[in-house]
Structure formats: C-alpha cells, structure tokens
Amino acid sequence: MAVSNEVRTQLIQLTIALYNSAPGKVTLDDLIRLTELGASLVDIAEAFDDTQNYLDIYPASLTNAEFSVNYAEVYLGNEAEDTEKKELSDWSFRELEGGRSRGNTMQHINDQLAIAPQEKWANAKAAFLNKTKMAEWYSVDQ
C-alpha cells in the first residue's frame, strides 16, 4: 500500500518537530512502514520520544515547564518573538499537565500550528514550511 503525499509530509513534519531535522530516506521509509502497519502519527511520536536523539534535545530529567520552554525555543527558533515563544511554551505546558505525553503534545501542537491563521506566528510558520520543503527534497527527491 502506498502512502499519500499528505501522510508523507506529516511524517516529515513530525520528524522536524521531534528532532529539528529531516528524517532522511531510510528513516522516512521506516516511518512509512509503521503507518502502513496501522501506527498513527501520535503512536509514532510517542515511540520516538524515548530515543537517544530525542533525549539529547529533550532530556527525560526536564520538568514539564522546562521541557515546554525548550520545545518552544527549538520549534520556533529565531523566527518568533519572545512573547510567541512564551505562548507556545504555556500551551505545551498545559497539554502536558493535562495528561498528554511529550510526543503526543508535540504532534498535537504541530497539527494545530499548521492550521493556525496565517498572521499567527507567520515567520515561524514560513520557516517551518521551508524546513519541510528542504526535508522533502533531502528525504524524497535527492
């Protein structure tokens, strides 16, 4: 069964959200196989939030508040104002305190930011879409 372009893009974006990097062809193929076996994006995010690459960025020792600040900084980088980073950090913290796992929180926020109004975090969204295009080239087209 072939994966749709939409699902492939979502997998690439999930990898960017989790690791701040492109998956590459081999990892993307592995992720596609997981979806073909019935894994959801949340399943994948939760499985990968315990890997060494992930823990190098987001150590398990971080509190939910520390994780949320770190995540907002990595996810938005220099493309957002401090107030926007604080808003994302607060949002992430509320998700975590509400019982979502870190991987699930990251996937949920990633989905919600993708459909947020364009004026909301416009620079960060544009940068993320650019990362997505570059990651697609690296992981699919190259």
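## Charge

The protein carries 12 positive and 23 negative side chains. The centres of these two sets lie 3 Å apart. The model is a predicted one.

## Surface and burial

The accessible surface of the protein amounts to about 7,800 Å². Carbon and sulfur atoms hold 52% of that surface. Of the 142 residues, 40% count as buried.

## Fold and dimensions

The protein has eight helices and zero strands. In sequence order the pattern reads α-α-α-α-α-α-α-α. The radius of gyration is 15 Å, close to the 14 Å from the globule rule for 142 residues, so the protein is as compact as a globular protein of that length.

The C-alpha trace spans about 40 × 30 × 25 Å along its principal axes. Take the contacts in the protein with a separation of 6 or more: 67% of them join residues 24 or more positions apart.

## Nonpolar core

The largest nonpolar core contains 33 residues. F67, Y75 and L88 have the most contacts inside it. The elements that each give two or more residues to this core are α1 (5–19), α2 (24–36), α3 (41–48), α5 (64–76), α6 (82–97), α7 (102–114) and α8. The largest share comes from α1, with seven residues.

Y75 is in contact with A17, L88, N110, L113 and F128, leaving aside its neighbours within four places in sequence. One of these partners, L88, is also listed with F67 and Y75 among the residues with the most contacts inside the core.

## T132 in helix α8

T132 sits in helix α8, which covers residues 122–141. Its relative accessible area is 4%, under the 20% cut-off, so T132 counts as buried. Setting aside neighbours within four places in sequence, T132 contacts T9, I12, Q13 and I16.

## R100 in the α6–α7 loop

R100 belongs to the loop between α6 and α7. Its relative accessible area is 31%. That value lies between the 20% and 50% cut-offs, so R100 is partly exposed.

R100 touches E95, T105 and H108, not counting residues up to four places away in sequence. R100 and K131 are 31 residues apart in sequence. In space, their C-alpha atoms are 26 Å apart.

Definitions and conventions: Residues are numbered from 1 along each chain as its sequence is written. This is a predicted model: local features need pLDDT of at least 70, side-chain atom pairs count only at pLDDT 80 or more; totals for chains, interfaces and linings use all residues. Side-chain values use heavy atoms; hydrogens and water are left out. Helices (H or I, at least four residues) and strands (E, at least two) are DSSP runs, numbered from the N terminus. The radius of gyration is taken over C-alpha atoms; the globule rule is 2.2 Å times the number of residues to the power 0.38. Buried means under 20% relative accessible area, exposed over 50%, partly exposed in between (1.4 Å probe, protein chains only). Contact means heavy atoms within 4.5 Å. Accessible areas come from the Shrake-Rupley method with a 1.4 Å probe; for residues, only the protein chains shown count as cover. Lys and Arg count as positive and Asp and Glu as negative; His and the chain ends are not counted. The place of a charge is taken as NZ of Lys, CZ of Arg, CG of Asp or CD of Glu. A nonpolar core is a set of buried Ala, Val, Leu, Ile, Met, Phe, Trp, Tyr and Cys residues joined through side-chain atoms within 4.5 Å.
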